[in-house]
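This report walks through a protein model for a reader who has not seen it before. The sequence and the structure come first, and the description follows.

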Amino acid sequence: MVDVTTIRRDVLTLPVAELGPSNPLPPLRPLDETHHVDEREREGLPRDMARQIGYEPLRSLLPERVRDGYGRTRAPREVEALVIQNDRLRATVLPGYGGRVVSLFHKPSDRELLYRNPVLQPADFALNGAWFSGGIEWNIGATGHSTLACAPLHAARVTAPDGGEMLRLWEWERLRDLPFQVDLWLPEGSDFLYVGVRVRNPHEKAAPLYWWSNTAVPEERRVLVPAEEAWHFGYERRLRRVPVPAYAGVDRTYPPRGEYPADYFYEVPDGQRRWIAALDETGQGLVQTSTDVLRGRKLFVWGSGTGGRRWQEWLTEPGTGGYCEIQAGLARTQLEHGRLEAESEVAWLEAYGPLTADAETVHGTDWAAARSGVADRLQQVLPRGEFETAYENWRASADTEPGEVLAVGSGWGALEVLCGALKLPGTPFEEATLGDAQAPWAELLRSGAFPEPRRVAPPGETLVARHWRDMLETAPAKPLAEYHLGVAQWHSGDRAQAVRSWERALELAPSLWPLLRCLAVADQEAGNRERAADRYADAFDDLCRERRDDGEAWTAATAALGRETIAALLAVRRTADARSVWERLRPVTLPHCLKGVGGTPIRGRFKLIEAELLLAEGDKDAARAVFDAGFEVADLREGAEAIGLLWSRITDEPLPERYDFRMRPPGADSAG
């Protein structure tokens, strides 16, 4: 008897580093993003690729906030999970963490098909900060890991195309204002997890489109794909065509064989079935395939160098084994953004499951034979025609209304649906999901006025889409409305008007520091570093006077503003003023590390700032002592080199391995 497919709630107990509060300061500066191609490097690229690389790259994180409140202290914690299984496969999904599929277990072979991270440790890899490694993730929005990597999604039971149960995940992606859904189900008796994805543009104008499904697998595999060429992209920001499987005398289809982290975007010929597989020495492993809309395939490797190994340890626990990523996307490379026309949608079907091929052929020197052997096996276990039919059947089910709600995401989608009177069959964004964050914006929509707070607190998130900006421009010019209007104007590129809005608000605002900080950023972007330092210092003074309690929100605001203020003061060599800020931060902020509020990022990041401050004061020995005592910067950005650069100013000695996170060869242009 074949077991029916079921969906059930479960709880995973994992060592977890708490996410902590988001950074309350709006991210006004351009993205410090490593994944882009310098303008001069685009010459010679295929015309369509060059056009899509230049089309609507993300320039701001707004309306999102940076998630940097996590630390590196992990403790056992129960994490809500949803389990989908039949008699062949068991998939475990974390709806509270971006809908990540953290495990795909094949029962007959008793094998885990994914790289399953034994811990949940956030690190600064997502566009907005917090991200963790392992499993299958869904990346939408713009180049990089999604802002939803550590955010809750809506989840519910839905009737599957074959009449069984299907798990639907959905949310509103805020960077591009696009709703999406991910439907997961296991056809009866199937060895494959089917994943139907749909992205919709309900607006009256076109929107940039980006999607990559990212699967982590153990790195001791050979990665096979139906391609003879790839586009190599390293952290030197160069995109160049290379042969597959080998170039420079090294077979790059074996992830550990390269020295530095790198992406390989494969050129899958038109007409070829889209698939990518990672198989071990016995010829067993995972295969992913899709309908042709999801055209791109990619391999990401950490490499064998010190920096790549250090990052792998950083993201999990030493001794747990390394991983690589096999990915599938809408474009040939992740540096491109497509175009989703107004009031249209795009959809496709993916499948993930076990594959066993002849080991001698898989690992042989005949690349054509290796990939054709895998393609033949895929055709045997999941015929292409059968899969295309499954896609058509799923499309007929994509609008099916969800049944039992299993998890609740954010209220931002409900707000947008309310604002635009949108109809989105299959993905209900109910008004009941509106929360405190959406409340003032719902009031603006209802009454035309943005409500002033009843008590002083760090300002909430700013919505920056054109329709919200228009409402703010016609709302009564109260201080908080002017603050949000300035942020929205800044996002739209109207920086002069943004400055005027913030300056008008200063005249009546009971809380000055949020406005002064915005004006300080504007001064920095305009090259006026001295005035920026003055405004930062005034902002920090005002925050210290206004701070009401030692709660999470005020602690996060103090830490974030103090960090920016010290950097601004050191940039103009005002070390005494920077020291004054540091001394006020110590009793206000650092003790909370011991209680977990803000966590290690405050302690570790401020240890790095302390060393920089000591060096600016001329005390190299004391700065060196900070390094010798040891620290961890929990929110160290992917590709960032701040630790190594500061070390090089202190000593000529080699950078200790514990601080070596370098992701590019020495002498390469800075990657940010």
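Two strands count as paired if DSSP finds at least two bridges between them. Helices (H or I, at least four residues) and strands (E, at least two) are DSSP runs, numbered from the N terminus. This is a predicted model, in which local features need pLDDT of at least 70 and side-chain atom pairs count only at pLDDT 80 or more, while totals for chains, interfaces and linings use all residues. Residues are numbered from 1 along each chain as its sequence is written, and side-chain values use heavy atoms, with hydrogens and water left out.

Strand 4 covers residues 100-106. Here, buried means under 20% relative accessible area, exposed means over 50%, and partly exposed lies in between (1.4 Å probe, protein chains only). Because 7 of the 7 residues of strand 4 are buried, this strand is largely enclosed by the rest of the structure.

Strand 4 pairs with strand 3 (residues 89-94) in the antiparallel sense, over 6 bridges. Within that pair, Ala91 stands opposite Leu104. The two strands form a hairpin with 5 residues between them, and Gly98 in the turn has a positive phi of about 70 degrees.

Strand 4 also pairs with strand 5 (residues 111-112), again in the antiparallel sense, over 2 bridges. His106 has Arg111 in strand 5 as its bridge partner. This hairpin has 4 residues between the strands, and Asp110 takes a positive phi near 55 degrees.

In what order do the strands of the open sheet of 9 strands stand? The order is 15-21-22-26-12-11-10-9-27, with antiparallel pairing. Strand 15 (222-224) and strand 27 (405-407) are at the edges and have a single partner strand each, so one side of each is left without a neighbour in the sheet. On average, neighbouring strands of this sheet are turned by 20 degrees against each other, direction ignored. For such angles, axes are lines fitted to C-alpha atoms, for helices over the stretch in contact, and angles run from 0 to 180 degrees between N-to-C directions.

Strand 22 (284-290) is part of this sheet. Since 6 of its 7 residues are buried, strand 22 is largely enclosed by the rest of the structure.

| Strands | Bridges | Facing residues |
|---|---|---|
| strand 10 and strand 11 | 7 bridges | Trp170 and Gln181 |
| strand 21 and strand 22 | 6 bridges | Trp275 and Thr289 |
| strand 22 and strand 26 | 7 bridges | Val287 and Gly353 |

Strand 21 and strand 22 form a hairpin with 4 residues between the strands, where Gly283 takes a positive phi near 85 degrees. Asp177 lies in the loop between strand 10 and strand 11. Asp177 has a positive phi of about 60 degrees although it is not a glycine, and it is buried, with a relative accessible area of 16%.

Contact here means heavy atoms within 4.5 Å. Helix 4 (residues 367-381) lies across strands 15, 21, 22 and 26, and runs at about 70 degrees to strand 15. Helix 5 (residues 384-395) lies across strands 10, 11, 12, 22 and 26, and runs at about 135 degrees to strand 26.

**Other helices**

Helix 6 (residues 412-420) and helix 7 (residues 439-447) pack with their axes 11 Å apart, at an angle of about 5 degrees. Trp412, Leu415, Leu418 and Cys419 in helix 6 meet Trp441, Ala442 and Leu445 in helix 7. By class, this contact has 7 nonpolar, no polar and no charged residues. Ala, Val, Leu, Ile, Met, Phe, Trp, Tyr, Cys and Pro count as nonpolar, Asp, Glu, Lys and Arg as charged, and the others, Gly among them, as polar.

In helix 17 (residues 642-650), the buried residues are Ile643, Leu646, Trp647 and Ile650. They cover an arc of only 105 degrees around the axis, which puts them on the same side of helix 17. The arc is that of the directions from the helix axis to the C-beta atoms.

**Loops**

The loop between helix 1 (47-53) and strand 2 (75-85) holds Pro63. The peptide bond from Leu62 to Pro63 is cis, with omega near 10 degrees. Glu56 is found in the loop between helix 1 and strand 2; its phi is near 45 degrees, a positive value in a residue other than glycine. At 39% relative accessibility, Glu56 counts as partly exposed.

Another cis peptide bond joins Val244 and Pro245, with omega about 15 degrees. Pro245 is found in the loop between strand 17 (239-243) and strand 18 (246-247).
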